[in-house]
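Let's take a friendly walk through this protein chain, one spot at a time. Please keep the sequence and the model open as you read.

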Amino acid sequence: MLLPTGGGGMNSTMDDMNLIHQAQRHHLVVREIGEEIDLEIGPGDDDPSFSNNTLINVPPQESAGEEHDETKQMMIHQASGVNQDLLKTQPVKKKKKVVKRWREEWADTYKWAYVDVKDGTARIFCSVCREYGRKHRRNPYGNEGSRNMQMSALEEHNNSLLHKEALRLQMASKDKIVVDKPIYVKALMSKTAGSIIEAALKRDPHELEFIQSVQEAVHALERVISKNSSYVSTMERLLEPERTIIFRVPWVDDRGETHVNRGFRVHFNQTLGPCRGGLRFHPSMNLSIAKFLSFGQTLKNALSPYRLGGSSGGSDFDPKGKSDSEVMRFCQSFMNELYRYLGPEKDLPSEEMGVGTREMGFLHGQYRRLAGHSQGSFTGPRVNWSGSSLRTEATGYGLVFFAQLMLADMNKELKGLRCAVSGSGKIAMHVLEKLIAYGAVPITVSDSKGYLVDEDGFDFLKISFLREIKTQQRSLRDYSKTYARSKYYDEAKPWSERCDVAFPCASQNEINQSDAINLVNSGCHILVEGSIMPCTAEAVDVLRKANVLVAPSMAAGVGGVVAGELELKECNLNWSPEDFESKLQEAMKQTYQRALKAATDFGYQKESPEALVHGAVISAFLTIANGSYTVLDIVDGGRNICLSW
């Protein structure tokens with residue numbers, strides 16, 4: 001960046017000043033979650049390639065007073081009388097000296113960066129304008145100065161050592177915030193129930209998602225445990241998985257490069273029967289998520305009409321952007337390790353996030369090759385209805401059936417109600433389909449980049465267009481190019497849109513405290529959980545205080561379990577859409593009634609926002625506890641003694 005100068009004498013003096021600046025050390029103070037970190041940054045040449053990696057678009061505005069002092073200082077140096085001809089022979093060096101001087105002054109005159117969390121993501125904010133990214137429009141020269149001068153300031157800021165250190169700090173802070181995130185511990189009335197959570201915290205202090213799911217379950221079971229202290233030991237044993245499998249998954253991409261991912265499968269509980277549960281392929285997958293998904297699946301299966309155990313698993317592999325050959329090689333390597341733990345009477349996996357028909361086809365093909373038989377199908381045999389597996393439709397349709405049951409008890413119906421839906425995968429799309437069939441007005445869908453709202457509501461033609469967009473891996477933003485009444489919002493969630501019923505169908509903890517407040521303010525009265533544990537603990541408290549009725553995923557999502565078992569056990573039947581929906585509606589009605597009965601048995605009012613949530617957990621837990629047994633072989637004087645509980 002070359003500033004306009006009045007003469008060569010000033011530039012020569014600036015050479016001398018630069019030597020002084022080179023001896024200085026500069027400090028960047030970053031406020032990160034209540035603490036200050038003092039980072040020393042020394043002068044040095046910038047890496048030109050770094051200019052392409054921008055964090056903040058332009059640097060903060062310097063005060064007019066600093067500009068005036070700078071001009072005054074430059075004029076004084078100009079009068080010192082130096083040989084200008086000598087300086088004119090070194091134009092490149094002169095420009096570098098000026099740029100270096102400004103870089104050092106920026107580091108001295110302002111501390112521009114601090115870390116804060118925006119929508120769950122750690123970002124570097126400007127301490128002057130309090131904005132980040134594209135919202136940062138401050139000009140270091142004020143409103144004066146030419147456009148070229150402003151662009152030079154932008155390039156210098158992005159190239160500076162200060163900016164590089166801030167970028168490094170931002171990447172480090174993302175990991176730190178995840179690790180150091182405090183666990184929100186709810187207050188319990190019973191010390192006995194509190195001891196269960198304390199034991200889980202002591203055993204697995206870093207498994208945030210699993211601890212959160214344990215807290216929700218123990219909170220719901222507090223009255224059950226207080227009435228029967230023997231359930232404490234039952235709960236303690238239930239919270240420890242029967243089998244946890246962690247393995248590496250090496251695979252080769254299309255360029256011949258080798259990659260290694262990590263695989264998980266957790267058999268949480270097989271008291272009631274063989275395990276059933278999904279497989280998730282997503283970069284965020286870890287042991288904590290595998291355990292919480294498996295724990296939730298155990299309770300969901302216990303609440304279903306079938307006697308099944310619960311499991312879950314997956315990998316931190318990301319299938320997005322991968323070719324079919326790469327996905328096939330990964331799935332085959334994944335199954336090479338997992339197949340020995342699978343079977344109709346052991347464990348059968350199903351589709352989950354990141355795992356669709358393509359992935360399940362590769363997995364099942366490798367399983368048959370290794371096991372030498374095809375007993376049991378991961379997704380069930382194909383039934384000629386809508387050209388897809390019944391399980392896929394069943395989960396989304398079941399959510400809508402469950403919402404209709406809740407509304408029927410309130411003498412209301414879905415027709416005409418505005419519904420906010422998150423996600424744009426299989427479950428979300430089938431929720432949209434059934435909402436339209438019931439006369440509701442679904443208005444939103446979302447993806448990882450933002451959400452789409454259509455004030456006219458979606459119809460079957462629009463859903464077909466949405467599916468085409470997703471199949472072609474295009475952005476939901478393309479939808480608004482066709483339908484003028486729609487709008488796509490970047491880095492936002494749909495929970496501020498006016499709605500009567502919400503269907504979160506994206507991922508766990510997608511609704512935080514501020515999102516819950518937005519939902520309440522938007523007029524939402526019912527929330528039906530399509531994803532497992534979509535609300536943070538703080539969000540649950542907000543919804544409960546606002547009397548928003550919540551349908552828990554372990555009850556509302558039973559439809560997928562029902563369809564899977566129907567496919568597996570009654571595969572010779574040719575289901576019509578009417579027959580299938582009739583069976584699914586009956587299963588959802590039984591689940592709804594079981595949850596309500598368990599809640600009322602333990603003193604929860606039917607109209608209470610806690611009724612369905614607590615009732616579902618109570619019913620599932622009592623089913624496992626009353627039907628559970630374990631055999632412990634204890635050698636006592638040569639005798640084997642079998643103990644049961």
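## A question to begin

Which residue in S14 is the bridge partner of Gly450? In S14, Gly450 pairs up with Asp490.

Before going further, a word on the model. This is a predicted model, in which local features need pLDDT of at least 70 and side-chain atom pairs count only at pLDDT 80 or more, while totals for chains, interfaces and linings use all residues. Residues are numbered from 1 along each chain as its sequence is written, and side-chain values use heavy atoms, with hydrogens and water left out.

## The whole chain

The protein chain holds 23 helices and 19 strands; these are DSSP runs numbered from the N terminus, helices being H or I with at least four residues and strands E with at least two. Of its 645 residues, 53% are buried, where buried means under 20% relative accessible area, exposed over 50%, and partly exposed in between (1.4 Å probe, protein chains only).

A contact here means heavy atoms within 4.5 Å. Among contacts between residues at least 6 apart in sequence, 71% join residues at least 24 apart.

## A three-stranded sheet

S12, S13 and S14 form an open sheet in that order, with antiparallel pairing. Strands S12 (444–447) and S14 (486–490) each have a single partner strand, so one side of each has no neighbour in the sheet. Two strands count as paired if DSSP finds at least two bridges between them. Strand S13 (residues 450–454) is joined to S14 by five bridges, and the Gly450 to Asp490 pair belongs to these two strands.

## Leu519, in helix H18

Leu519 sits in helix H18 (residues 513–521). Its relative accessibility is 0%, so Leu519 counts as buried. Leaving aside neighbours within four places in sequence, Leu519 contacts Trp495, Cys499, Ala502, Ile511, Cys524 and Leu527.

Beyond its neighbours within four places in sequence, Thr623 is in contact with Leu272, Ala302 and Arg594. Leu272 is 351 residues away along the chain, yet the C-alpha atoms of Thr623 and Leu272 are separated by 8.6 Å.
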